[in-house]
Amino acid sequence: MALHIFNTLTGKKEPLQPRNPPRVTAYICGVTVYDLCHVGHARAYVSFDVAVRFMRRRGYDVKVIRNFTDVDDKIIARANKDGVPAADVSEKFIKEFNVDMGALKVQPVTVEPKVTTHMPQIVALVQKLVERGSAYVVDGVGGAKDVYYSVDSFPTYLKLSGRSKEDLQAGARVEVDERKKDPLDFALWKSAKPGEPSWDSPWGKGRPGWHIECSAMCLEHAGPTVDIHAGGRDLIFPHHENEIAQSEPVNGAPLATLWMHNGFVNIDNEKMSKSLGNFFTIRDVLQRVSPDALRYFLLTTPYRGPINFADTLLDDAERRVETLYESRRRAAEYVLQNAPEDGPGYREVVKGTKAEGMLGAGIGNLFDEAMDDDFNSARALGVLADAVRFANTLMDGKESELLGKKLPPKTRARLVRGIWEELAGIIAVLGVVDEDPAGYLDRLRARRCARHGIDATWVEQRIAARAEAKARKDFAAADAVRAELAAKNVVLKDSATGTRWSVEDRVAG
RNA sequence: GGCCAGGUAGCCAAGCGGUUAGGCAACGGUCUGCAAAACCGUCAUACGCCGGUUCGAAUCCGGUCCUGGCCUCCA
């Protein structure tokens, strides 16, 4: 099966059919840079990051365009409030955005266009719309003009959201503006009020309306039709609807073949919003858990549906990621210690056994099959779980139940190596458990030590004392140390190579 | 009011006509000086409710209840 993606425009999963394969163009609506990003942004950009990584795994040459809207009412409002130029606000939050995306391991996109560097294209597009009668000019501020888009000029307006103009007006929350021909008409160009950033145009000093920048930048970087246009659900109306209305009459072609929209992040089953105060920035969250944990959490639900955000769920994800890193580290050590022999891979070994149904088709294939179904990351994590569990079973030497026979360590090592080699490709797409396990686990432990006020040196000393007690068979003393450390959330893990320790985070957060 | 999602075992969450998703928690077991981790088993013939279609429905159809969202800026 080929990659299928849910298309908002048709309401169906459709095969990805790029116009010029293997090239895929994708325009992802970026942020308006007036504040720090929240977990809703994290969900959108992590979802699309995984989608892009998977398309690349599938052999597509993906060009990703993700804009910054750096001219906007909210930026101006923020600048006025802080008493700084608007450009300072947008520049600051572009930097912050990049910091957050970097932390989340969202891969850099191909092009990051900004409104301020695409003014000529925007003005030219507005001009074309006026010329062909899609837009009209009215009096604005101080002799300058405003330009409005006429929704009546575009018969298929609202085809993406499947609404009707009557429905929207029934909401009766559309602002009344005497100069508009239709209440649903929206601004393409706004005349500048005193003190606002502005650019020269045929209509005097002004700035673009909210939607036009994406039409202009998408055209500039992807051409008349982009293969995939993506953003949050909330953008379906009005933003994407308006983009379509602005672009299609001028381009004479569909703006996008596929429209992808990610679902919302809810907090305690309510929409996250600033007014409700249930609002978390990405860095708030990364204060609590690792980027892997946040990514893993976001991937536990397919991108299109809502996802409920809660500390307990994040903590669950972090523990799960920790387990996976532990397994990965253990696998690496196991392979190193057991000198894997050459021979058939796990798929052949599993044939005709209980484990065949689980992994016989091949881990990579199962993963691809899951992701081909509209990037079903939840299913993909199931594949990951099955594979890791099987590798652990082998390392435990408990494979006879599954395989009907016991294998020598060298054979097990061969299979474990093969499994993790395949898993490497998967975790590279998901962007979780893809770091050096020792480094990750050390950082995790250090963070928990800090949170619980634990001194690592002291722990090591206590462990040494316990080792001495154990050496002289004084198990009572050894157990006393275990209990002493357990009281501080420190858990000891004895192994052939010595005692490892970790910090449990379950109590007190 | 209009439009759109969703309701799956203690919790999270796949599946969307027939064959074990997966994870977490709990409990039992293997292992261990004791543990932890890991693995095995149990919880699990679960799918909001009522009808209908079908040899067969969590999956399709009709109705109904509930939750959330959009219709204003929002990923």
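**View 1. Domain layout of chain A.** The C-alpha centres of domain 1 and domain 3 lie 54 Å apart. Chain A is divided into domain 1 (4-262), domain 2 (310-430) and domain 3 (437-503), with bounds that come from an automatic or database domain assignment. The model is predicted: local features need pLDDT of at least 70, side-chain atom pairs count only at pLDDT 80 or more, and totals for chains, interfaces and linings use all residues. Residues are numbered from 1 along each chain as its sequence is written, chains are lettered from A and ligands numbered from 1 in the order in which they are written, and side-chain values use heavy atoms, with hydrogens and water left out.

**View 2. Surroundings of RNA strand B.** RNA strand B is surrounded by 54 residues, each with a heavy atom within 4 Å of the strand. The closest are Lys74, Trp210, Pro302, Lys398 and Asp479. By class, this surface comprises 22 charged, 16 polar and 16 nonpolar residues; Asp, Glu, Lys and Arg count as charged, Ala, Val, Leu, Ile, Met, Phe, Trp, Tyr, Cys and Pro as nonpolar, and the others, Gly among them, as polar. Elements that each supply at least two residues include α1 (39-57), β9 (226-232) and α19 (475-486), while α14 gives the most, with 9 residues. Helices (H or I, at least four residues) and strands (E, at least two) are DSSP runs, numbered from the N terminus.

View 3. Sugar or phosphate accounts for 61% of the atoms of RNA strand B within 4 Å of the protein, and bases for the rest. At Gly232, a backbone N or O atom lies 2.5 Å from a sugar or linking oxygen. A base nitrogen of RNA strand B lies 2.8 Å from a polar side-chain atom of Arg482.

**View 4. The second largest pocket.** This pocket (an open set of points on a 1 Å grid over the protein atoms alone, where a 1.4 Å probe fits, with protein on both sides within 12 Å along at least five of seven lines) is lined by residues with an atom within 4 Å of a point. Its volume, the space filled by probe spheres set on the points, is about 620 Å³. Of the 25 lining residues, Glu326, Arg329, Arg330, Lys493 and Arg500 lie nearest the centre. The lining divides into 15 charged, 5 polar and 5 nonpolar residues, and its largest share, 12 residues, comes from α10. Because domain 2 and domain 3 both give residues to the lining, the pocket lies between them.

Terms used
Polar contact = N/O pair within 3.5 Å; in protein donor to acceptor, adjacent residues only side chain to side chain.
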